[in-house]
Amino acid sequence: MANPGYGKRSAPDQRPRTGADFTHLVPRDAAIAAYIDSLRDGADISVKTLAKALPYGQCAIRTTLNRLQDAGHLRRGSECVASGENLLWVTRTFFSRTARDDAWWAAFSRGDVPKDTPRATSSRAFILLAALGRAAPALTLSQRDCVTLEPQMTEWLTRGATEAEVMHALTAGLPDRVHHAASFVAKRLQTKLPPAREPHTVLRSLECSECRAPGTPEALPGGKCRTCRGTPTHQEPTLPAQKVRAQARAVRAGLIPKSDRPKR
């Protein structure tokens with residue numbers, strides 16, 4: 001795991017994992033992306049740490065991370081977090097199994113998630129409920145049970161509960177015998193519902209993956225600034241041809257004829 005404030009952060013509203021998640025990438029990039037995707041939030045995904053865990057050198061991994069950024073799976077930046085009465089800016093590396101375009105990342109940096117984000121066939125809440133039986137066989141639910149309990153689970157996730165927190169709340173301290181799994185889970189979802197979090201303003205910025213210069217999302221398409229993309233930062237101002245001719249006439253009009261110039 002990385003130091004507090006660093007490490008992997010998963011982007012919201014991703015599709016469920018499938019075997020075809022990274023097939024659009026070259027094999028090495030797909031392998032590294034799948035490895036990062038398998039890590040939990042907070043895991044150290046720096047180049048040096050990845051090079052120790054994977055059969056690739058630091059240069060190769062750095063190149064892959066840049067390509068994952070170009071493909072819309074990764075963004076680097078900073079985020080302001082509250083620590084008591086103080087505001088602290090920490091480094092973030094956001095990873096998305098689902099490839100996102102620049103417009104999505106721009107909305108995410110403002111604290112929004114576009115409403116037209118592709119949704120999974122099964123919601124995250126449904127998938128958690130369906131997986132409950134693998135963690136605690138006594139709580140195995142049918143598809144109908146999962147559909148019925150989905151709104152309650154969705155409320156937990158809306159309030160910021162993580163998958164680990166949900167699993168612990170539902171499976172810790174189980175009685176010797178559970179007579180009706182769906183009723184038991186429904187009761188725990190109701191009685192252990194966490195309090196709603198206070199809304200807060202998201203302070204988040206992105207930075208260039210090459211020179212680390214901060215900038216607005218609009219100034220960092222593909223995660224790189226204009227200079228690192230090789231795009232001129234500005235164009236030399238040019239005057240309209242009509243104005244150029246007018247200025248040339250004014251200059252000529254101000255010249256003293258050669259015959260009238262004082263002789264030296």
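Predicted model: local features only at pLDDT ≥ 70, side-chain atom pairs only at ≥ 80, totals over all residues.
The crossing is right-handed, the near helix being turned clockwise from the far one by less than a right angle. At this crossing, Ala169, Leu170 and Thr171 of α7 are in contact with Phe184, Val185, Arg188 and Leu189 of α8, contact being heavy atoms within 4.5 Å.

Helix α6 spans residues 143-158 and reaches 22 Å from its first C-alpha to its last, close to the 22 Å expected at 1.5 Å a residue, where the expected span is 1.5 Å times one less than the number of residues. Its buried residues (under 20% relative accessible area, 1.4 Å probe, protein chains only) are Cys146, Leu149, Met153, Trp156 and Leu157, and their cover includes α5 (124-135), α7 (163-171) and α8 (181-191).

Across the chain, ten helices and five strands are found, taken as DSSP runs (H or I, at least four residues, for helices; E, at least two, for strands) and numbered from the N terminus. Of its 264 residues, 35% count as buried.

Residues are numbered from 1 along each chain as its sequence is written, and side-chain values use heavy atoms, with hydrogens and water left out. Local features need pLDDT of at least 70 and side-chain atom pairs count only at pLDDT 80 or more, whereas totals for chains, interfaces and linings use all residues.

How values were computed:
Buried < 20%, exposed > 50% of the residue type's maximum accessible area, 1.4 Å probe, protein only.
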